[in-house]
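Please read through the structure shown below, with the sequence beside it. The paragraphs that follow go through it part by part.

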Amino acid sequence: MEKKIKLEKINKALKKTFPGSKINKNIVNLEIGSLKKWDSLGNLNLILEIEKEFSLKFDSNTFSKIKSIQDILREIK
Amino acid sequence: MNIEIKSTSYLIPNNSSWGSLYKDNKLKFAEYNNIINNSKFNQKNECEIFVLFLKDIINYYKVLKNINKSEIKKIKLIINFIEKKISTNKKKSFIISISSYYYFNHLNSSKNKSLEKETEIFFYKELYKLSKIYPNLYILNIDDLFSFHGHKSCFDERNYSLFRCRLSVFGLKLLSDKLSEIILRINITNKKVLLLDCDNTLWGGVVGEDEIEKIKLGQDGIGLAFLEFQKAIKKLQESGIILGLVSKNNHNDVINVLDKHKSMILKKKDISIFKINWNQKSQNIRQISKDLFLGLDSFVFWDDNPIERNKIRNEIKEVEVIEPEKDISYWSKQLLEYNGFSKFEITKEDYAKTKQYKSRSVFIEKRESSKSEISYLKKIKIKAELKNIGADSIDRASQLSQKTNQFNFSTKRYKIADIKNLKKNHLCFLAKLSDIYGNHGLVSLIILKKYKKILYVDSFLMSCRIMGRYLENWLLDQIKRIAIKNNIKNILFEFIPNKKNKELITNFIKFNELAKIKKKDLIKIEKELNLNNNKYAEYYIINTKQKIKNLEIYGKKN
């Protein structure tokens, strides 16, 4: 998948998970803690939303490693 | 609604899967796996939801032999806790949802019940016992809910090991959707009437054009699909849903099929309303609503013809129009899964509804078609009688007071205990009615308070299903007689108007020429008069000398 399309989808998931937060145009460097609501619970909801958006399922190991947009980009092939 | 959700599992609060419940409610998730603790917030909650996973409760990994009793004990503890909560919070609703699913090993369970199965059966048995006692308890079987979509897509072992959530995001969504449906039904009553087309809806083909034997019903293929659909309709009718035929046919053609076709599940006696004519369906439906005192929003319309469906959608927005599946084979399932008719309980009155509304429609039809209303009413042998409220009828008195909306002057709602108290110092009556259409039973409640110069009508109400017989006038005459007997010259009516009672009561006031009077003028007549301070209340008075109309129906002269 092209990086551009990936980022668009990730952006969509971010907006859906953190509807009240202002999200910069450049999201590549965002990580847990970057947004007010992106705490551990927020992280959980974000990853679940990413799974929905990309119609995939991370295994337990991968899921627990994801903490940033970079991690997500790396794990989505 | 303020809702608190308690679960043995982590349920990911704030996840978008909960959207359907968040939409109309305020949700609070208690700390998970802490269900037996009382939370600080529970005062404000109107609803408490328990989401219980048996695998979180029982130690399924232990050897079956030794632990049965101790595991059952855990369930008992939860049941006791739930009962204690429910019995002390009768205004609050409780929804208990349970899942016993974890894994299936069909070889192991091919000879014996598994521990999971056994505890599940015990749990449900105890819960349903409670739900019989407490009307505010509702039960949801999560495993049944998920079975349609497959347990594999609803449960999620990964989510459990990562964050102790038994469910997948999809499972959470299904749970949220179903819970919000239950909550909606707690707050809004179900639909009451199913209006059906005939040709190509109850059977295949067109009566009148085809011979009666040629319509498709009962035979294998499409005929069997129509038969199954009729079975589903019959099931609803048995649970108290009123059936009506609204179809463009010759009346006799349809009656002929109902009477003579051997495969028909629906018989003439099952149908309360017949509007089989060439009029616009919307006109027929409005007429039904008016005749039977049923709101248009209690109607559901099922017709195979998309043009008729669209007409109703456009002309009567309140009526729910079903979009039937393209393949008739799925209609029966679609109707039974439709939520609009679902209700938590089937009461004694539900069983009598078909007959009740049928007799009302026949009464209306005959009255309309006779030349003179009064001479028709004289012919149907109406008999009315006032009864004192006794131990055998106090239930009915309270029920009438609680449920009657349209012909009800003051809409004061009295419980059994209230009526017992009122009876001590005031005059309380029920009225009984019968005619050739049957014995209608106790249909009216009147509560009168005596003062020196005024007979104050505290409650005056009448069931709508017998409207059109001028029973209200006979009752007014009875009240007048009681006043005369007690040497009181004025009868005072208190009318508290609302959306539902306004039309019928206003008509009654006009028809019987009741005179409006101001509260301050009332006190001039009767100093001791004790009226509630309802700012919407209107007062009307009549003198005992006034003549009351239409009493000849009841074989009386003025």
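How many residues of chain A are in contact with chain B, and how many of chain B with chain A? The model is a predicted one, and in it 11 residues of chain A are in contact with 9 residues of chain B. On the side of chain A that touches chain B, helix H2 (40–54) and helix H3 (60–65) of chain A each supply at least two residues. H2(A) gives the largest share of that side, 6 residues. By type, the residues on this side of chain A divide into 4 nonpolar, 3 polar and 4 charged.

Chain B can be taken domain by domain. Its domain assignment gives domain 1 (2–187), domain 2 (193–348) and domain 3 (379–554). Between the C-alpha centres of domain 2 and domain 3 of chain B the distance is 39 Å.

Begin with an open sheet of chain B that has 5 strands in the order E2-E1-E3-E4-E5, with parallel pairing. Why is one side of strand E2 (26–29) and of strand E5 (137–141) of chain B left without a neighbour in the sheet? Both stand at the edges and each has a single partner strand, so one side of each has no neighbour there. From one strand to the next, the twist of this sheet averages 20 degrees. Strand E3 (residues 47–53) and strand E4 (residues 93–99) of chain B pair in the parallel sense over 7 bridges. Phe53(B), for instance, has Ser99(B) in E4(B) as its bridge partner.

Two helices of chain B pack on this sheet. Helix H4 (residues 115–133) of chain B touches E4 and E5 of chain B, and its direction makes about 150 degrees with that of E5(B). Helix H8 (residues 169–187) of chain B touches E3, E4 and E5 of chain B, and its direction makes about 155 degrees with that of E5(B).

Next come the nonpolar cores. In soluble globular proteins, nonpolar side chains tend to be buried together. The largest nonpolar core here has 53 residues, and those that touch the most other members are Ile47(A), Leu11(B), Ile49(B), Leu52(B), Ile96(B) and Leu172(B). Leaving aside residues up to four places away in sequence, Ile96(B) touches Phe50(B), Leu52(B), Ile82(B), Leu127(B), Leu137(B) and Ile139(B). There is also a second, separate core of 47 residues, which includes Ala397(B), Leu400(B), Ile479(B) and Ala483(B).

Another open sheet of chain B has 5 strands with parallel pairing, in the order E8-E7-E6-E9-E10. Strand E8 (273–276) and strand E10 (320–321) of chain B are its edge strands, and each pairs on one side only. Strand E9 (residues 299–302) of chain B pairs with E10(B) in the parallel sense over 2 bridges, and Phe301(B) stands opposite Val321(B) in E10(B). Helix H11 (residues 281–292) of chain B lies across strand E6 (193–196), strand E7 (242–247), E8 and E9 of chain B, and runs at about 150 degrees to E7(B).

Strand E16 (residues 490–495) and strand E18 (residues 538–543) of chain B are joined by 6 bridges, and Ile491(B) has Ile542(B) in E18(B) as its bridge partner. Strand E17 (residues 515–517) of chain B is also antiparallel to E18(B), joined to E18(B) by 3 bridges. Here Ile517(B) has Tyr539(B) in E18(B) as its bridge partner.

Terms used:
Residues are numbered from 1 along each chain as its sequence is written. Chains are lettered from A and ligands numbered from 1 in the order in which they are written. This is a predicted model: local features need pLDDT of at least 70, side-chain atom pairs count only at pLDDT 80 or more; totals for chains, interfaces and linings use all residues. Two residues are in contact if their C-beta atoms, placed from the backbone, lie within 7 Å. Helices (H or I, at least four residues) and strands (E, at least two) are DSSP runs, numbered from the N terminus. Ala, Val, Leu, Ile, Met, Phe, Trp, Tyr, Cys and Pro count as nonpolar, Asp, Glu, Lys and Arg as charged, and the others, Gly among them, as polar. A nonpolar core is a set of buried Ala, Val, Leu, Ile, Met, Phe, Trp, Tyr and Cys residues joined through C-beta atoms within 7 Å. A residue is buried if 20 or more other C-beta atoms lie within 10 Å of its own, exposed if 12 or fewer, and partly exposed in between; C-beta atoms are placed from the backbone. Domain bounds come from an automatic or database domain assignment. Two strands pair if DSSP finds at least two bridges between them. Axes are lines fitted to C-alpha atoms, for helices over the stretch in contact, and angles run from 0 to 180 degrees between N-to-C directions.
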